[in-house]
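Here's a quick walk through a few local features. Have the viewer open as you read.

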Amino acid sequence: MHPWLLLLLPLHVLASNDRPRGVSPELAARYVPTRKGSSQVWQCLDGSQTIDWSAVNDDFCDCPDGSDEPGTSACPNNRFYCVNEGHIGSYIPSSRVNDGLCEPECCDGSDEAPGVCPNACKEIGEAYRERVKAEQKLRKTGSKIRSTYIAFAQKEKKRLEQELTQTEQEIAVREKEVARLKDLVEHTESLSAAALEVRKQSPLYQSLMTHVTALKSLQREYKKHLEREQALGDILDNLRTGYNPNYQDMAVLEAVRGWEHLAGLPHINDVAKDDGNAEEGSDEDAEEEEEEAEDGLWTELQLEHQLDELLGTDYDALLIEHDKHIGAPASPTSILYNLSAYLPDALVPQFEALRDQVISLLESLGLAKPTPDTSADTSRLQKTLSDAEHSLGLTRKEKEDKEKELKRLFDPEWYGAEGEWKKLHGTCLDKEVGDYIYEVCLFDEARQKPVRGGSTFSLGHFEGWNNAAGVDKGSPEYYRRQRYSRGAKCWNGPQRSVSLDMSCGTENALLSVAEPEKCEYEFKITSPALCLPLSAAEEKGYRKEEL
């Protein structure tokens with residue numbers, strides 16, 4: 001290269017090639033002298049004063065900010081930059097420069113005089129790159145598993161949304177049923193037992209009871225036939241699998257062939273040849289032979305699962321509801337009792353008192369029959385109403401639980417912004433250490449169980465993620481620690497607690513257990529949920545290393 005070509009290079013490039021000792025590449029452009037007359041001068045980095053260029057790294061602190069001594073220990077609170085060619089450059093405090101000790105951060109030995117410390121950067125750099133490559137490979141594999149966790153969370157979201165819609169519809173149906181039953185209870189309370197018995201004598205009700213009895217009889221016979229069919233099927237199955245075709249018993253062969261055709265089974269001699277194809281063929285035949293039920297007729301599945309519910313209908317309540325539907329009067333005396341509905345509220349108490357006196361007088365003179373006690377007639381309806389209200393409450397609670405679970409799904413304080421931790425809820429990891437088995441069920445509870453039997457102690461319940469100062473919610477560091485607290489109390493000590501120290505791994509595993517403080521445990525855990533995908537720059541470097 002011709003010397004005159006150096007004049008064409010930028011000043012900072014020249015400086016980077018010949019920068020003072022201890023100066024980092026980022027500051028190299030600022031450690032360039034300027035000419036002042038016949039001498040070279042340099043301005044302190046804080047701009048406080050200008051000194052001779054020869055005073056830089058002269059082991060005497062001239063600048064107030066100490067920037068004139070980047071390569072010596074003359075100025076306190078300064079930093080020395082180790083180039084570490086073949087590895088990664090790093091800083092050390094300037095007080096450790098020329099102290100006769102080889103600093104591990106300066107693998108090139110540049111912090112000491114030449115010959116004091118060996119240059120080990122090549123070996124250290126190679127080992128570091130191998131370690132980084134292994135870590136990136138681990139992350140790459142783990143992140144693929146993590147992506148399946150995220151996909152699971154998306155499916156969970158759809159499932160919960162669908163179930164919420166169904167639950168809301170179920171709540172609406174149950175609310176209508178409760179309202180209907182309340183109306184029936186009120187209506188029944190005004191209907192006498194005698195009037196109800198009269199209505200039960202109606203041809204419609206009697207015919208309904210006859211149909212109910214017939215259905216119950218048919219159900220009983222249907223169950224008997226099912227049991228007999230099952231027993232016969234077992235006999236024919238045993239015959240099918242146990243007979244010897246070499247005997248050429250045509251009666252047995254015809255029975256087996258007939259049973260195989262009826263049950264949609266492959267011939268027993270063909271099963272060993274091609275079991276899979278035979279089963280597929282039998283399924284297709286069964287589908288072709290399945291007859292579609294006529295409109296309005298019940299299927300076999302409905303007969304098996306819904307007939308009991310139909311036969312359990314409260315027919316007395318149905319009769320009362322029918323009377324209300326057709327507008328029949330509740331009872332002969334209902335007009336007298338219902339007059340209060342047409343009176344102003346202020347007159348209702350006086351009317352009811354007068355009504356009770358008149359009815360009592362008529363009953364004592366034998367001119368009116370005492371009103372029968374209808375409490376027995378309404379008790380069953382009231383129980384049905386109570387059961388319906390209880391079921392409605394359970395369904396509403398179920399809706400609240402699903403809403404809470406859906407809200408937590410992508411909450412950074414629960415399953416992560418991408419929901420990557422949802423799949424691991426309830427996953428239990430354990431490790432045997434000494435006389436105990438230590439177990440943690442993620443997002444639930446940690447336990448200590450004796451190997452040879454005995455009481456199991458709770459080590460704490462899930463409390464949250466890393467709450468250390470300076471750790472942002474949702475950051476990678478946030479998910480590297482889980483806290484479990486409020487465990488069983490130690491004898492003469494605090495309540496037990498556990499801290500999970502978590503890192504990326506291709507398996508969910510509990511690696512080690514320690515007890516740094518009394519009844520305060522630390523579990524080291526690996527999980528693919530912590531394996532973040534490689535960044536574009538990391539991916540590029542990884543592929544370059546692969547090549």
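## Two hairpins

Which residue in the turn between S7 and S8 has a positive phi? That would be Phe443, with a phi of about 65°. S7 and S8 make a hairpin there, with three residues between the two strands. Keep in mind that this is a predicted model.

Strand S7 covers residues 436-441 and also pairs with strand S6, residues 428-433. The S6 and S7 pairing is antiparallel and runs over six bridges. These two strands form a hairpin as well, with two residues between them, and Gly434 in that turn has a positive phi of about 65°.

## Disulfides

Searching the whole structure turns up eight disulfides. Here are some of them.

Take Cys44 and Cys63, whose sulfurs sit 1.9 Å apart. Cys44 is in the loop between strand S2 (39-43) and strand S3 (50-52), while Cys63 is in the loop between S3 and strand S4 (79-82), so the link connects distant parts of the chain, 19 residues apart. The torsion about the S-S bond is -75°, making this link left-handed. Both Cys44 and Cys63 are buried.

Next up is Cys61 with Cys75, at 2.1 Å between the sulfur atoms. Cys61 and Cys75 both lie in the loop between S3 and S4, so the pair ties together parts that are 14 residues apart in sequence. This link is right-handed, with 120° about the S-S bond. Cys61 counts as partly exposed because its relative accessibility is 29%, whereas Cys75, at 1%, counts as buried.

Cys102 and Cys117 are also joined, S to S 2.0 Å. Both are in the loop between strand S5 (90-93) and helix H2 (121-189), 15 residues apart. With -100° about the S-S bond, the link is left-handed. Cys102 has 46% relative accessibility and so counts as partly exposed; Cys117 has 10% and counts as buried.

## A nonpolar patch

Now for the surface. Leu215, Leu218, Trp298, Leu303 and Leu310 make a nonpolar patch of about 410 Å².

Of these residues, Leu310 belongs to helix H9, residues 307-311. Leu310 has a relative accessible area of 36%, so it is partly exposed.

Note on methods:
Residues are numbered from 1 along each chain as its sequence is written. This is a predicted model: local features need pLDDT of at least 70, side-chain atom pairs count only at pLDDT 80 or more; totals for chains, interfaces and linings use all residues. Side-chain values use heavy atoms; hydrogens and water are left out. Patches are made of residues with over 30% relative accessible area and no salt bridge: like charges are joined within 9 Å, nonpolar side chains (Val, Leu, Ile, Met, Phe, Trp, Tyr) within 5 Å. Accessible areas come from the Shrake-Rupley method with a 1.4 Å probe; for residues, only the protein chains shown count as cover. A salt bridge is a side-chain nitrogen of Lys or Arg within 4 Å of a carboxyl oxygen of Asp or Glu. Helices (H or I, at least four residues) and strands (E, at least two) are DSSP runs, numbered from the N terminus. Buried means under 20% relative accessible area, exposed over 50%, partly exposed in between (1.4 Å probe, protein chains only). Two strands pair if DSSP finds at least two bridges between them. A disulfide is a pair of cysteine sulfur atoms within 2.5 Å.
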